[in-house]
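Here is a friendly briefing to read with the structure open beside you. Take it one topic at a time and look for each part as it comes up.

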Amino acid sequence: MNRSWAFHFRILAVLAVLGIAAFPVYWMAVTSMTSSEELFAGSPRLLPDPAQIGTYARALVSTPLLTWLGNSLIIALGTTALSLLLAILPAYALSRMSFRGKLLLALGLFVTQMLPEAMLVVPLYDIFSRFALLDSLTGLILANTAFAVPVVTWILKGAIDGIPTEIEEAARIDGCSRVGIVLTIVLPLIAPTLAAVTVIAFFQGWNEYVFAQTFISDESLKVASVGLASFVGELSTPMDTVTAVGLTYTLPAVVFYLLVQRYIVAGMTSGGVKG
Amino acid sequence: MIKKLSGYRMVPVIGTAAIALSLTQVSAQEKTVITFSASHFAEVGRGDALREWVAKFNGSQDEIEVQPITIPFSSYASTIFTQMGGGAGPDLVRFDLPEFYAAANAGRLLPMDDVIDDAQYDFTSADAYMKVDDTRFGVVFDSANYALIYNADLLPGGEPPKDIDEFLEYAKAATGNDNYGFAYRATMAERGGVWYDVTNFVYGFGGRWSLPDGTPTFNSPEVVAGIEAYKQVYDAEVIPRGTDAATYRRMFWEGRVAMEIDNGGVATILTAQGAGKPIHASASPFPHPEQGMILAPVTINANTKAPDAAGTFLKWALEPEQQQELQQLLGAANVATVVERSDEELAANPWLAAYDAQTPNSVPALAQGLEEKSPEIQQIVVEQVLRVLQGGVSPQDAMDRVQEHVETRMLRR
């Protein structure tokens, strides 16, 4: 009886936490489908009004939302690919090799994370201006990658640390090269961590605002985070449109997370079974 | 209908296409393209009208094209300053007055004395603020007065309050049943907006932030009286505390806020959202008629590669026909030159009269003589005012602190 009560209590607690986490998203959905009159009514509407679904259609027609989302996707995928490419070998070197300045390099990566974007935006703007990287998605991918690589490197280093060196030594005896070891042995073993850092790098590129706002002037290259902010006006803000666009903006990122999340869970589970 | 072309047949097609493409490129390259940033471009209604106004210029030109740039209002000034500091940025920039002075004093703007001949234009009185040390760095793009706008249904007899006591009485009476008597900003997230709201109270009680020679007067009795009134309204619990301006303006339009003191641009946007909810306006209910004013110059970025093209656009914008059109699309705002309103316009928007009547009493919301220090002054004043509202600090103590801070740290006296 006591066990059953505890079980139900745990279920309730989990549902409560889930509810708290999901409520803001639900509230955005309700707001996006509520008429302006009802939005400011004394008793707020708790369920979306299906008759207001047109807000989404209007947002799609009256704004270049799809272009913004497309640009964000290019930047997020570019940042993810480049970050992984640049972080894997340094992470392996930091984990497995001894060389002069290793500690300094590792700390140096940490230090770059202590500088806020707002502080770096002016010198970066100047550098990008000289290299004709302003008003280009490539420039934004490079800027975001610079911020993602240190984090990704450190996380991957931690994962590689956890792999027994004996496995690599056995491979080396069998004639496998260093790069071969990294590609064929290390990476498969840290697949869940790779999935996790993929999510981190993707969201770095997807959510970034300061660089995107400052480096891009061309309307056709605008990203969704900046486009969304442009609805918040000096004199008025169309709340239903903002929440409709905001919700649409979160969907691709959620889908990407769900796709990658399978590998994180699969990796964790397989590790547990093997013991 | 569609046939596959064999290899040799493709040659002339590709050749023709390449020639056509190269001709198009040559034609596009011949045009000097300049960019123009203004937070207006992102506004619902006015933004589209303003883009059309710019498109009209583009249609009249063979060699110049102006491209509007949209930058979110919340990060407008910081983005522009970052771009200017990095040696680039839009060619033409619409600034608010505080940022205008900061940019001019930092050498980020191109002097316009060779571009604009004062004798050719009938400028409004606000043009006096476009010069720094007798050098012109901008022309007024728009200026807007402040007035009290009200929902007649929520006020006794449908009439606006005539003095501050009546104002508080009406605001309290209108508050309840999810309605609010008044609305203003009171959060650091809207620092610029709080500055304008506080300035209206300070000016309305006869205060000024400084003397014309730049001597700060932040703790003068009149300024303190304005801050006390600001606090009195806050304590009366008649405002939707924490609500941002965009939201409470919408609440006003929905008939949930009885009164607010706002600039003509807001009244124009609210009117544009539907004629079914007419706007009413009157003078602010303060002892003195002076109120703040939105004054926004358009400037030429010192980094521009095409100063002549930027100058051509400004000269076009100052033509009487374009000024008339610009004033009409901006609504309750004035432009660089004197433009009389048409009878039709006044008949369609009776509230315009209250805003226009405020023109002689409108004063820029700046510390005179300390214009280039405006961003820092805004920060200090708003910080202290919020301590008065939310931290229990007395208005006198708070403004003494501002005075001391400005004198010792900013002016090093």
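In this predicted model, the C-alpha centres of domain 1 and domain 2 of chain A lie 32 Å apart. Domain 1 of chain A covers residues 2-54, and domain 2 of chain A covers residues 63-273.

- Seven residues of domain 1 of chain A are in contact with six residues of domain 2 of chain A.
- On the domain 1 side of this contact, helix H1 (2-32) and helix H2 of chain A each supply at least two residues.
- The largest share of that side comes from H1(A), with four residues.
- Sorted by class, the side of domain 1 of chain A that touches domain 2 of chain A has three nonpolar residues, four polar ones and no charged ones.

**Chain B as a whole**

- Chain B contains 15 helices and eleven strands.
- Along the principal axes, the C-alpha atoms of chain B fill a box of roughly 90 × 55 × 40 Å.
- Chain B has 413 residues, and 48% of them count as buried.
- Take the contacts in chain B between residues at least 6 apart in sequence: 75% of these join residues at least 24 apart.

**Where chain B meets chain A**

- The contact between the chains takes 29 residues from chain B and 24 residues from chain A.
- Helix H3 (76-85), H8 and H9 of chain B each supply at least two residues of the side of chain B that touches chain A.
- By class, this side of chain B has ten nonpolar, 13 polar and six charged residues.

**Helix H8 of chain B**

- Why can we call helix H8 (residues 245-253) of chain B largely enclosed by the rest of the structure? Eight of its nine residues are buried, so the rest of the structure largely encloses H8(B).
- The buried residues of H8(B) include B:Tyr248, B:Met251, B:Phe252 and B:Trp253, and also B:Arg249 and B:Arg250.
- What covers the buried residues of H8(B) includes parts of both chains: helix H2 (36-39) of chain A, and helix H6 (191-204), strand S8 (257-263) and helix H9 (264-272) of chain B.
- H8(B) is followed by B:Gly255, which has a positive phi, near 80°.

**Helices H14 and H15 of chain B**

- Helix H14 (residues 374-391) and helix H15 (residues 395-410) of chain B pack with their axes 9 Å apart, at an angle of about 160°.
- Angles over 145 degrees count as roughly antiparallel, so H14(B) is roughly antiparallel to H15(B).
- The crossing of H14(B) and H15(B) is right-handed.
- Among the residues that meet here are B:Ile377, B:Ile380 and B:Val381 in H14(B), and B:Ala398, B:Met399 and B:Val402 in H15(B).
- By class, the contact of H14(B) with H15(B) has eleven nonpolar, two polar and three charged residues.

**Helices H2 and H11 of chain B**

- How do H2(B) and H11(B) run, roughly parallel or roughly antiparallel to each other? The axes of helix H2 (residues 46-60) and helix H11 (residues 320-330) of chain B come within 10 Å and cross at roughly 170°, and H2(B) and H11(B) are therefore roughly antiparallel.
- In this contact, B:Arg46, B:Ala49, B:Leu50 and B:Trp53 of H2(B) meet B:Glu325, B:Leu326, B:Leu329 and B:Leu330 of H11(B).
- By class, the contact of H2(B) with H11(B) has six nonpolar, no polar and two charged residues.

Notes
Residues are numbered from 1 along each chain as its sequence is written. Chains are lettered from A and ligands numbered from 1 in the order in which they are written. This is a predicted model: local features need pLDDT of at least 70, side-chain atom pairs count only at pLDDT 80 or more; totals for chains, interfaces and linings use all residues. A residue is buried if 20 or more other C-beta atoms lie within 10 Å of its own, exposed if 12 or fewer, and partly exposed in between; C-beta atoms are placed from the backbone. Two residues are in contact if their C-beta atoms, placed from the backbone, lie within 7 Å. Ala, Val, Leu, Ile, Met, Phe, Trp, Tyr, Cys and Pro count as nonpolar, Asp, Glu, Lys and Arg as charged, and the others, Gly among them, as polar. Axes are lines fitted to C-alpha atoms, for helices over the stretch in contact, and angles run from 0 to 180 degrees between N-to-C directions. Angles under 35 degrees count as roughly parallel, over 145 as roughly antiparallel, 65 to 115 as roughly perpendicular and the rest as oblique. A crossing is left-handed if the near helix is turned anticlockwise from the far one by less than a right angle, and right-handed if clockwise. Domain bounds come from an automatic or database domain assignment.
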